[in-house]
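Dear colleague,

I am passing on the structure we spoke about, and below it you will find my notes on what came out of it. Please read them with the sequence open beside you.

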Amino acid sequence: MAKIPISILTGFLGSGKTTLLAQILEAHRSQNLAVVVNEWGEVGLDAQVLKHLCFVPERIRLLQGGCVCCHYRQDLIDSLRVIAQEAPDHVILETSGIANPAPILFSLIHDVFLSQHFKVQSVITCLDALLGAQHLEQHTEAQNQIATSSVVVITKTDLQDNFNALSSLVVSINPTALIYDKAKLDPLVLLQENPPVSSIPTPTPHPHFQTLCLELEACLDWSAFTLWLSFLLYRYGDRILRTKGIIQTHEACVALNGVQHIIYPPTHLNHIHGQKPQLVFILKDLNPQDIHNSLQTFLKALGIEFRARVCLSVGPDSQTPAIT
């Protein structure tokens, strides 16, 4: 049986997650969607709003009394177990405004039942055009949400049109994310498995983040590479906010995707669609060159040849290709 896709909808407090969720549900009225709403506090106001705006109130599950990212949440697991029996077309999990998506992904990927029935399709983050820059400057939670995203939706641009400036700020943190202006967005694209590529500006370095891009020039030994990656994430997973890439091994072409310590189940590709194998790391307080040197040293010790072109977003003239 095919796994049920699940999208995580996140964003800092007041960034417009619930409004966007209502629009997504309205646009997908013909589909069988399930929604899990996580709230901080005792009263589920968002769930009440959604029941008024949307047409699937019986599919809203409310997780109360804490943030879904705080620990391995049994109530999240229990809610998704029930939803799995109903076999919806897609599940949307709306997190609280202070949630870090990484522990949520951990529960989805490492719980035996959930990993057999669900696949994580995307992490969608709302960024407020009015206060987004301030949130990213002042709150680690907002930074983590952007760094772990696959899609960023800039909201409230009808009130303040600074989409280009905020897009550049997003790219300086996460050059792998697709970025959309909510005012011009068709909500239907957000639940597509391969949403259309948005216009991504040239990245400029962020003072707290670095991006390492390795353009791989040779096949990697998959067993050796995954062993090295496991060691790396065990040691530095709290500072490696995003891992993404396409790896060519001797046996297959593999798409790799990860958030902090967590690596999604790898996807085997038939071919690379004309793109060179690449490996991208988004780092915080970690020297990108150390990552490259570590991989090179590890493979050399095993007698494995390793060649790559290194791109570091650590200076004003550097460029880091984005993987989309």
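β5 gives the most to the lining of the largest cavity, namely 4 residues, where lining residues have an atom within 4 Å of a point on a 1 Å grid over the protein atoms alone, and a cavity is a set of such points where a 1.4 Å probe fits but cannot get out. This is a predicted model, in which local features need pLDDT of at least 70 and side-chain atom pairs count only at pLDDT 80 or more, while totals for chains, interfaces and linings use all residues. Residues are numbered from 1 along each chain as its sequence is written, and side-chain values use heavy atoms, with hydrogens and water left out.

The lining is made up of G11, F12, S15, T125, C126, L127, D128, G132, H135, A142, Q145 and I146. Two or more residues come from each of β5 (118–128), α6 (132–138) and α7 (140–147), helices being DSSP runs of H or I with at least four residues and strands runs of E with at least two, numbered from the N terminus.

Elsewhere, the axes of α9 (residues 222–236) and α10 (residues 288–301) come within 10 Å and cross at roughly 135 degrees, axes being lines fitted to C-alpha atoms over the stretch in contact, with angles from 0 to 180 degrees between N-to-C directions. The contact (heavy atoms within 4.5 Å) is made by A224, F225, L227, W228, F231 and L232 of α9 with I291, S294, L295, F298 and L299 of α10.

With best wishes

Methods
On a 1 Å grid over the protein atoms alone, a cavity is a set of points where a 1.4 Å probe fits but cannot get out, and a pocket is an open set with protein on both sides within 12 Å along at least five of seven lines; lining residues have an atom within 4 Å of a point.
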